[in-house]
Amino acid sequence: THFGFKQVPKQEKVAMVRGVFDSVASQYDLMNDLMSMGIHRIWKRVAVQLANVREGDRVLDLAGGTGDLTTLFEKRVGKKGDVVLADINAAMLRTGRDRLINRGLAGNLQYAQVNAECLPFADNTFDCVCIAFGLRNVTDKDAALRSMYRVLKPGGRVIVLEFSHPIDPITEKVYDFYSFKLLPKIGAIVAKDEDSYRYLAESIRMHPKQDELKRMMEEAGLERCEYFNMTQGIVAVHRGYKF
Ligand code: SAM
């Protein structure tokens, strides 16, 4: 493909699947399931539903990691559409690509190693740009949102799925206990990495609140911006259009 990764013929699939077992990425997927008790699968499905893409659409799965969203989008855009899995991290991208090939999804997928802050795509390229659990990690979020807006076709939409802020005090209490006390312990046992999971909880607290992120999207040029809280605001989907 034009994104620097070789397209892999299906017959090479079996050999590749056997050869590739990136322990970091498989641990990543396991931790997602553990930490969210599997609920991240539902959050992702809802985000893709809200993206409202059609057959034949072109989608950018930004900070796509191991490709969960790409898999869901691929089903919706069909063979006539295409999905670009893009991530700044080569190892995540490689694991994502191998996962997708393993699932038999290769034909209409492309891969790109990119920084969300300065996307290397032409203006007006995508019907949908989606960033799931990725914006939080981006240093210059405003630059990323402007870049996402630029590569969006008129009529297209940006979807941001991200941890957010609980909308009621009881959820907040339970969630604080879970993420500051319990989660680092789970991280220590399962991933042998307590600090990373403490950092995770802190980075979620630092992330802009629902209304603030909405305002940032509007500032980047997006219109009709709105958000949908899930699990009492622990996670939110933001959506905005380019007209
Ligand atoms: N979207 C996937 C999911 O929901 O399972 C992966 C989310 S993972 C928590 C965050 C991803 O963001 C990582 O794969 C990381 O490499 C990527 N990332 C971090 N900063 C980025 C940037 N500036 N541009 C593009 N990707 C970035």
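Biologist: Which residue of strand 2 does Val59 stand opposite?

Modeller: This is a predicted model, in which local features need pLDDT of at least 70, side-chain atom pairs count only at pLDDT 80 or more, and totals for chains, interfaces and linings use all residues. Residues are numbered from 1 along each chain as its sequence is written. Strands (E, at least two residues) and helices (H or I, at least four) are DSSP runs, numbered from the N terminus. The residue of strand 2 that stands opposite Val59 is Val83.

Biologist: In which sense do strand 1 and strand 2 pair, and over how many bridges?

Modeller: Strands of a sheet pair through backbone hydrogen bonds, either parallel or antiparallel. Two strands count as paired if DSSP finds at least two bridges between them. Strand 1 covers residues 58-62 and strand 2 covers residues 82-87, and their pairing is in the parallel sense, over five bridges.

Biologist: Which strands stand at the edges of the sheet?

Modeller: The sheet is open, with mixed pairing, and its seven strands follow the order 3-2-1-4-5-7-6. A strand with a single partner has one side left without a neighbour in the sheet, so the strands at the edges are strand 3 (109-113) and strand 6 (223-230).

Biologist: What angle does the direction of helix 3 make with that of strand 5?

Modeller: Angles run from 0 to 180 degrees between N-to-C directions, and axes are lines fitted to C-alpha atoms, for helices over the stretch in contact. Helix 3 (residues 40-51) packs on the sheet and touches strands 4, 5, 6 and 7. Residues are in contact here if their C-beta atoms, placed from the backbone, lie within 7 Å. The direction of helix 3 makes with that of strand 5 an angle of about 160°.

Biologist: How many nonpolar, polar and charged residues make the contact of helix 7 with helix 8?

Modeller: Helix 7 (residues 169-191) and helix 8 (residues 194-206) pack at about 145°, with their axes 7 Å apart. Among the residues that meet are Phe180 and Leu183 in helix 7 and Tyr197 and Arg198 in helix 8. Ala, Val, Leu, Ile, Met, Phe, Trp, Tyr, Cys and Pro count as nonpolar, Asp, Glu, Lys and Arg as charged, and the others, Gly among them, as polar. The contact therefore divides, by these classes, into seven nonpolar, three polar and two charged residues.

Biologist: How many residues surround the ligand?

Modeller: A residue is near a molecule if its C-beta atom, placed from the backbone, lies within 6 Å of it. The closest are Ala63, Gly65, Ile88, Asn89 and Ala116. By class, the shell has nine nonpolar, seven polar and three charged residues, and the number surrounding the ligand is 19.

Definitions and conventions. Two residues are in contact if their C-beta atoms, placed from the backbone, lie within 7 Å.
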